[in-house]
Amino acid sequence: MPLPATHREVRLAARPRPEGPLTTDHFEVVHAPLPTPGPGQVLVRNRLMSVAAAMRPLASADPGALGLPQLRHRVGDVMRGPAIGEVLSAPPDTGLASGALVRHHSGWREYAVLDAAEAPPLDPDALPDPAAHLSQGFTAWLGVVRGAGVRRGDTVFVTGAAGGVGTLAGQFARLHGAARVIGSTGSRDKADRLVEELGYDAAVIRGAGPIEEQLRAAAPDGIDVLLDTVGGEQLRAALALARRKARFALVGALAAQLSDDALATTPISTLALIARGVTLRGISAYDHADAAPTYLREFGRALREGAITYPHTRLTGIAQAPRALVELLEGRHLGAVLVEL
């Protein structure tokens with residue numbers, strides 16, 4: 001089948017106001033010339049992409065000044081994010097055959113040109129569903145295994161438990177021996193689903209009263225582990241309930257990012273950290289590429305055996321990508337949000 005002359009891509013049309021919500025009007029879906037690969041480059045047809053709360057464009061005129069390149073979105077730029085694409089053409093020395101599936105970070109467009117090194121092929125036998133390669137399971141697994149070292153008998157608190165990381169983090173914590181798993185979320189409906197569908201023992205709800213009071217009721221003997229994707233009030237509440245030698249793994253900071261200040265601070269008591277011997281560790285997937293094979297084996301086995309589920313919602317068509325991000329930020333979905341292209 002001949003290639004089209006143009007394809008569609010999603011660009012940032014305007015920055016959201018600091019005090020206003022992100023809407024689909026902040027994006028535009030445009031037709032652009034089909035990209036042409038150069039020497040050593042691969043042309044792929046994107047088949048599936050994911051959106052995540054961290055992709056929300058910031059109101060700041062220069063988000064790059066934060067030193068966080070993944071937050072850099074300038075008006076007129078094509079959005080970026082994880083995607084799975086089908087190889088259409090590749091240089092012979094790359095080992096990529098036509099039809100192979102690759103994972104990359106040039107989503108939000110129907111076709112992409114990539115350097116061969118940016119397009120690692122997917123192992124078709126690693127996970128039972130290719131869509132699971134777009135999960136945030138690696139971040140969740142790292143928080144549980146390397147960040148906090150969850151072990152048998154632990155009481156674990158997962159913030160943002162209904163999101164792409166949290167829905168898997170609670171399940172991985174249980175697989176690694178946690179005796180009690182508590183999550184935080186934004187609605188009673190999601191709290192019920194965490195308990196009924198994902199094996200959480202209890203949930204605290206933002207806006208239903210002080211988080212510390214709710215957490216104390218859910219974990220009267222305190223917590224051993226925090227898997228934190230949020231920060232802010234929820235991090236402070238976890239510290240108030242931390243047992244001696246508690247381990248905190250920080251894998252996200254949505255309370256700051258969604259307030260348009262990705263460097264916003266969370267006041268905590270350093271004396272409490274010292275007195276209780278609490279370990280506070282930030283952990284990023286970029287620093288733990290060596291763990292990916294172990295994670296894939298464990299995740300794949302758990303999915304095939306039914307020990308873990310991968311909650312996600314799919315929307316169809318690239319024109320739905322802005323809506324997908326907006327609905328995710330509004331808390332409309334449980335788990336990951338994917339767009340079929």
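Which residue forms a salt bridge with aspartate 129?

I began with the source. This is a predicted model, in which local features need pLDDT of at least 70 and side-chain atom pairs count only at pLDDT 80 or more, while totals for chains, interfaces and linings use all residues. Residues are numbered from 1 along each chain as its sequence is written, and side-chain values use heavy atoms, with hydrogens and water left out.

Entry on aspartate 129. I looked up its partner and found arginine 314, with the closest N and O atoms 3.3 Å apart. I took a salt bridge to be a side-chain nitrogen of Lys or Arg within 4 Å of a carboxyl oxygen of Asp or Glu. Aspartate 129 is in the loop between β6 (111-115) and α1 (137-147) and arginine 314 is in strand β13 (residues 312-316), so the pair ties together parts 185 residues apart in sequence. Helices (H or I, at least four residues) and strands (E, at least two) are DSSP runs, numbered from the N terminus.

Aspartate 129 is partly exposed at 29% relative accessibility, and arginine 314 is partly exposed at 36%. Buried means under 20% relative accessible area, exposed over 50%, and partly exposed in between (1.4 Å probe, protein chains only).

Entry on helix α4. I found a salt bridge between the side chains of arginine 216 and glutamate 212, at 2.8 Å from N to O. Both residues lie in helix α4 (residues 211-218), four residues apart, about one turn of the helix.

Entry on the whole structure. I searched it and got 15 salt bridges.
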